[in-house]
Structures are given as C-alpha cells and as structure tokens.
Amino acid sequence: MNVLEKLDSTVTFSDHERLLLESVRRLATQRIAPRAAGYDESGAFPWDNISDINGLGLNSMFIPEEYGGTGLSYSVYLACCREISKACASTGIVWATNFHGTGPIVDFASHEQKERWLPRIAGGALVALALTEPSAGSDATGMKTVFRPDGDDIVIDGSKVFITNGDVCDYLVLFGKWAPLGSGKEAISIVVVEKGTPGLNVVRTENKMGTRASSTAALAFDGCRIPRSNLLGEPGAGLTMLFHFLNRSRPSVAAHALGIARAAFEDAVQYTNDRSQSGRRILENQGIQFMVADMATDLAMCERWLWHVARRIEEGENDISQESSMLKMRASDLAVRISTDAVQLFGGYGYTKDFRVERLMRDSKITQIWEGTNQIHRQLIGRSFLAKKRG
C-alpha cells in the first residue's frame, strides 16, 4: 500500500458510505473512464454518464432526508467527486455544479420551496449556478442583472456567461440585484428559474480547451417572468448567502482538481515503471524519482488538508474562508503542475491524444480559474494577515 492509499484508508466513513464509494469507484473505472476520450473529442454532453450517476442515486447525498435525500457526509461527497473527476473531469464538473447549485436551496429556501424543488433534484434533476457576467467575474458585486418586483411576479433582465450546466439544467439558481434596493452589493439577491421559463435564452455554448463535455453557456434574460415565490430568502440577502456556500463549493473544486491530479500521477508512475530507455526503466533514474517524490509528497499533503477542511465543515464551522481558499488554490495549482509533469514524463507520447495525460493537462487549467481565480484567492489569504492600523 503506497502513501496515498494509506491516506485514503484513514478517512472515516460509515459502512453505508464505504459501500457507496466502492460502487462509485467501480462505475468510474468501468463505465465513465472508457467514455471520457470520446466525449472530449466530440464535446457532447455526457448524458450516459449522468444517467449512470443517477442510477446510483448520487444526487440524493446532498439532499436532507425529509426531502427525499440520504443526508450523507460532506466527506463522502468530496470522495465521490474526486473519483468521478479522476475518471472524467467533464463529468466531475457537471456533477459538482449540481452540488454547488443545490447548496443555496438546501441552506436558504423555505420549507415550501424545498418541497417543490429538492425531491426532483434528489431524483437526478440538473442544477446550475449563475453568477458570472461579462463585466463581473471574480468581483461578483459588479453584476448588472436586475430583478424587478411586479405584483406576485419578478421580472428579470440581464445576462450571464460561463454558466456550467446552463443550457441543460432543470433549475437555474440565479444572482441579480433587487431593483428597489439600488445597484450596490446590498441589492444582491437570489432566485430560482425553472427550465422552459419564457424570456430565458441560451445565447451560445463555449468551445473550450478542456472539460469539453461539460456544457458552459452564455444566457440572456429578456423580460423573464417568474413567481415571487421563487425568491430565496429576503431581497438583498444574496451576498451573505454567497459567502456562506462558497466555503463549501471551493473544497468541492479542490476535490475535482485532486481527481485530475491523482489520475495524472498514477499514469506517470505506471508509464515510468513500464517504459525503458538505455536499458533501464525511466523511474530508475534519480532525476525522475525526484519528480515523482515531489508529486507524491505535495499530493499527500494537499489531500490531508482536503479532509481537514471537510471535517471542519461537518462540525458546523463557518469561519473557514481562508482554509477553503488555501485548499482550492493549492489543489488547482497542483493539478496543473502534476498533469504538466506527467506529459513531460511521457515525452512525445504525452503530447498526443493516445494517452490521457494530454487531456488531463487541458482539463486541469480551469480549476485555477473557476470559483475565483487563484490570484483572487492569494489576495484573500494574504490580506487576512493584515494588522489593524493603530490610531
């Protein structure tokens, strides 16, 4: 048992969760991974993979039991996210986005709203989270999408870009500004827009470098009318809600990145053991051993931090923004570095599509960008150490 396998064995799960995780690993290895290259090549949405995921009832793990879920631990969600992403990063990002979009509903929706939406999500409905706009990326407070109350309705005007699952979702968790409260951050609010609502239009889907099978859409809202009962919480509460669930979504991005990193690492170790140059296996060269040692050490340390943050969340700790930023930043940087080094270790073969390290290298890049660029996370971490000015 190598050091990473030992680390995996130290994470505590219930018997039911361990059985589920083993089922997810089998599904990922036997069905999702063999399809990954084809989906990457075509860019088609991985409906077969989503069907298989729904066959295991995986959406139910992030839904409370009273609304049709299983209420499993956050740690087992992260473990499943890592295994699915290891097999197919596109499918991992689709499923992780389901969790990201469902979080605000679970945490902030009324009982009536939860009864309307959560049982269907538990059964496999797709969810998207719409925050980013052409002029509001890492600084989400600059969004211009407007919610105008009109009697029992809300009328939406605006646009969103880079929305994962945006063209295929059943429910869109949408951020905008409540018009009567002005245009500042105190006006940010959240509504749920259901599939097929008139005035919700898919402008385009992006042709991307990596995670090509996960759909990324630009959306437009032109007089889009929804019931006022689709507002989450109170008008103007959106920013507080956003900060709350980012602490849970950023570790999810880290699990996605670590799935990619683990896949690249395992491929590199196998290849350098199997391939010989000048009469010796590549991994017998000291320089190559140093590269593998650095990969394994950094991967083990980052995964340990993943389980530390997960445990803090499960204990109900809310003041973990720096820890979540550290985790997301380091895991995504590591995924890019390990996948790049894996391509290097494969030599010319790593630059071809015959080996998945080429795809993993492309897939890894988005992890440094979504859920806040790593430059933003470094700023958040660094400024947390600023001492208060005296006087």
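The model is predicted, so local features need pLDDT of at least 70, side-chain atom pairs count only at pLDDT 80 or more, and totals for chains, interfaces and linings use all residues. Residues are numbered from 1 along each chain as its sequence is written, and side-chain values use heavy atoms, leaving out hydrogens and water.

Let's start with helix α11 (residues 374–383), where N374, H377 and I381 are buried (under 20% relative accessible area, with a 1.4 Å probe and protein chains only). Helices here are DSSP runs of H or I with at least four residues, and strands are runs of E with at least two. Seen down the axis of α11, the buried residues fall within an arc of 55°, so they line one face of the helix; the arc is that of the directions from the helix axis to the C-beta atoms. An α-helix has 3.6 residues a turn, so residues three or four places apart point the same way.

Next, the cysteines. The count of disulfides (cysteine sulfur atoms within 2.5 Å) comes to zero. The sulfur of C81 is 8.8 Å from the closest cysteine sulfur, in C80, too far for a bond. C81 is buried, at 0% relative accessibility.

Finally, the whole structure holds 15 aromatic pairs, meaning Phe, Tyr or Trp rings (the six-membered one for Trp) with centres within 6.5 Å; planes under 30 degrees apart are stacked, over 60 edge-to-face, and the rest tilted. F62 and W95 form a tilted pair, 5.9 Å centre to centre with 50° between the planes. F62 lies in the loop between α3 (47–55) and α4 (74–87) and W95 in helix α5 (residues 89–108), so the pair ties together parts 33 residues apart in sequence.

Key: Buried < 20%, exposed > 50% of the residue type's maximum accessible area, 1.4 Å probe, protein only.
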